[in-house]
Amino acid sequence: MRGTLRRDAARLDGLLALARIPVFGGTSLFRFIRDPRAQALFRHLGERGIITRRFEERQDDLRIGLPGDDDWMRLEEALKTI
C-alpha cells in the first residue's frame, strides 16, 4: 500500500506540475498547495466534481487529496482546463 500511495502521490504531483500548480507540501494522501489562485482553483475543480479543501483563514492555501481509481481522468481533464 505504501508503494501504491507513493506512486499515486507522484502521479498527482505530475498532473499539478503540468497545470503549473505548485505543491507546497503534503503527505502520501494529499498535496498542499499555496497559490494566489487557490480560491479560483477550488471553484473550478468543485464545478467538475473534484472535492478539495480550502482554508478560510488562509486564502492562498488548498488541499487536494489523492483521487480514487476511477477519478484520475476527471481530475486530469479538470486540470487541463485551468
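Colleague: What covers the buried residues of α2?
Modeller: This is a predicted model. In α2, the buried residues are Ala-38, Gln-39, Leu-41, His-44 and Leu-45. Their cover includes β3 (53-55), β4 and α3.

Colleague: Which pattern does the protein chain follow along the sequence?
Modeller: The protein chain holds three helices and four strands. Read along the sequence, they give α-β-β-α-β-β-α.

Colleague: What is the radius of gyration of the protein chain?
Modeller: The C-alpha trace spans about 35 × 25 × 20 Å along its principal axes. For 82 residues the globule rule gives 12 Å. The protein chain comes close to that, so it is as compact as a globular protein of that length. Its radius of gyration is 12 Å.

Colleague: What percentage of the contacts with a separation of 6 or more comes from residues 24 or more positions apart?
Modeller: Take contacts in the protein chain with a separation of 6 or more.

Colleague: How far apart are the centres of the positive and negative side chains?
Modeller: There are 16 positive side chains and 13 negative ones in the protein chain.

Colleague: Which element gives the largest share of the largest nonpolar core?
Modeller: The largest nonpolar core has 19 residues. Those with the most contacts inside it are Leu-12, Leu-16, Ile-21, Leu-45, Leu-75 and Leu-79. At least two residues of this core come from each of α1 (2-18), α2 (38-47), β4 (58-65) and α3 (72-80). The largest share, five residues, comes from α1.

Colleague: Which residues is Leu-16 in contact with, leaving aside its neighbours within four places in sequence?
Modeller: Leu-16 is among the residues with the most contacts inside the largest nonpolar core. Set aside its neighbours within four places in sequence. What remains is Ile-21, Val-23, Arg-31, Ile-33, Ile-64 and Leu-79.

Colleague: Is Asp-35 buried or exposed?
Modeller: Asp-35 lies in the loop between β2 (30-34) and α2. Not counting residues up to four places away in sequence, Asp-35 touches Arg-20, Pro-22 and Asp-60. Its relative accessible area is 5%, and the cut-off is under 20%. Therefore Asp-35 counts as buried.

Colleague: What is the relative accessible area of Arg-20?
Modeller: Arg-20 sits in the loop between α1 and β1 (23-26). Arg-20 is not a glycine, yet its phi is positive, about 60 degrees. Arg-20 is exposed. Its relative accessible area is 70%.

Colleague: Which residue with a positive phi follows α2?
Modeller: Go to the end of α2, which covers 38-47. The residue in question has a phi near 80 degrees. It is Gly-49.

Colleague: Which residues does Phe-55 touch, not counting residues up to four places away in sequence?
Modeller: Phe-55 belongs to strand β3. Phe-55 is buried, with a relative accessible area of 8%. Skip residues up to four places away in sequence, and the list is Phe-32, Asp-61, Leu-62 and Arg-63.

Colleague: What distance separates the C-alpha atoms of Phe-55 and Leu-75?
Modeller: Along the chain, Phe-55 and Leu-75 are 20 residues apart. Leu-75 is one of the residues with the most contacts inside the largest nonpolar core. The C-alpha separation of Phe-55 and Leu-75 is 20 Å.

Colleague: How far apart in space are Asp-35 and Thr-52, C-alpha to C-alpha?
Modeller: In sequence, Asp-35 and Thr-52 are 17 residues apart. In space, C-alpha to C-alpha, the value is 14 Å.

Notes:
Residues numbered from 1 in each chain as written. Heavy atoms only, no water. Rg over C-alpha atoms; globule rule 2.2 N^0.38 Å. Contact = heavy atoms within 4.5 Å. Lys, Arg positive; Asp, Glu negative; His and termini not counted. Charge placed at Lys NZ, Arg CZ, Asp CG, Glu CD. Core = buried A, V, L, I, M, F, W, Y, C linked by side-chain atoms within 4.5 Å. Buried < 20%, exposed > 50% of the residue type's maximum accessible area, 1.4 Å probe, protein only.
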